[in-house]
Amino acid sequence: MPSFPDPDSRNVLEPDCSRCPDLAACRNRISWGNGSSNADVMVVGEAPSAGNPDAERWRGGNWTGMAYTSRHSGRKVRALFDELGYDAYFTNAVKCFPEGDDGSNREPRREELDRCFSHLRTEIERVRPAVVVSTGKHATEAILDFESIPLDGFLDRVLSPVECERLDVTLLPLLHPSYENIWRERLGYDRAEYVAAIDAELTALA
């Protein structure tokens with residue numbers, strides 16, 4: 001099991017940010033990026049998870065105030081990069097929990113991704129990673145939109161590096177951890193092969 005991130009590693013960019021009134025109204029805490037400020041790899045998720053305030057440690061970003069700290073996807077992503085041997089920086093395309101009608105996560109809206117993108121851009125400029133790994137469609141689309149690169153089919157982008165000239169970084173899209181088991185076989189990988197393919201791409205890029 002990966003270690004829980006150090007709260008002191010939170011990269012707070014705009015305390016009490018209220019750019020998105022709907023998100024500010026339903027969040028508990030802003031889930032800022034966290035990890036090494038000199039990381040070669042930056043992992044970008046979609047948005048923080050709801051979490052469970054009664055859980056001991058992996059409560060979800062809405063309660064921890066840190067990206068990728070949910071019980072399921074957070075542990076999976078951190079375990080993957082621990083396995084690969086990278087001390088990565090973790091963040092999200094949207095920093096606040098997007099609450100749906102039933103209290104669980106909903107997909108972030110286009111305007112929320114757009115308003116929050118300057119935070120992500122600042123993180124990329126400060127950390128200066130060799131590779132940005134986007135996990136899932138929405139995180140990938142947010143970066144490609146900024147670069148004016150059409151997403152087309154997301155699965156066709158997975159494990160295919162994209163040079164982002166405006167951000168001066170290479171983007172490597174991966175499957176979202178919550179849907180990896182569903183889509184990985186469609187790409188022709190078992191888990192060991194998928195991890196090996198990620199390792200090969202990161203070794204070449206970072």
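A residue counts as exposed when its relative accessible area is over 50%, and as buried when that value is under 20%. Keep those cut-offs in mind as we walk through this predicted model.

Take I182 to begin with. Its relative accessible area is 55%, so I182 is exposed. You'll find I182 in helix α7, which covers residues 180–183. Together with Y179 and W183, I182 makes a nonpolar patch on the surface, and the three share about 320 Å² of accessible area.

Now for strand β3, residues 89–92. Y89 and T91 sit on one side, F90 and N92 on the other, and all four are buried, leaving both faces of β3 covered. What are the neighbours of β3? Strand β1 (residues 34–35) runs antiparallel to β3 and is joined to it by two bridges, with N34 partnered to F90. Strand β2 (residues 41–45) pairs with β3 in the parallel sense over four bridges, and here V44 stands opposite T91.

Next, the charged side chains. K95 and E123 meet in a salt bridge, 2.6 Å from N to O. K95 is in the loop between β3 and α4, while E123 is in helix α4 itself, so this pair ties together parts 28 residues apart in sequence. Both K95 and E123 are buried.

Compare E125 and R121, with their closest N and O atoms 3.5 Å apart. Both lie in helix α4, four residues apart, or about one turn. E125 is partly exposed at 47% relative accessibility, and R121 is partly exposed at 32%.

Terms used
Residues numbered from 1 in each chain as written. Predicted model: local features only at pLDDT ≥ 70, side-chain atom pairs only at ≥ 80, totals over all residues. Heavy atoms only, no water. Patch = residues over 30% accessible without salt bridge, like charges linked within 9 Å, V, L, I, M, F, W, Y side chains within 5 Å. Areas by Shrake-Rupley, 256 points an atom, 1.4 Å probe, with all protein chains shown as cover. Salt bridge = Lys/Arg side-chain N within 4 Å of Asp/Glu carboxyl O. Buried < 20%, exposed > 50% of the residue type's maximum accessible area, 1.4 Å probe, protein only. Pairing = 2+ DSSP bridges.
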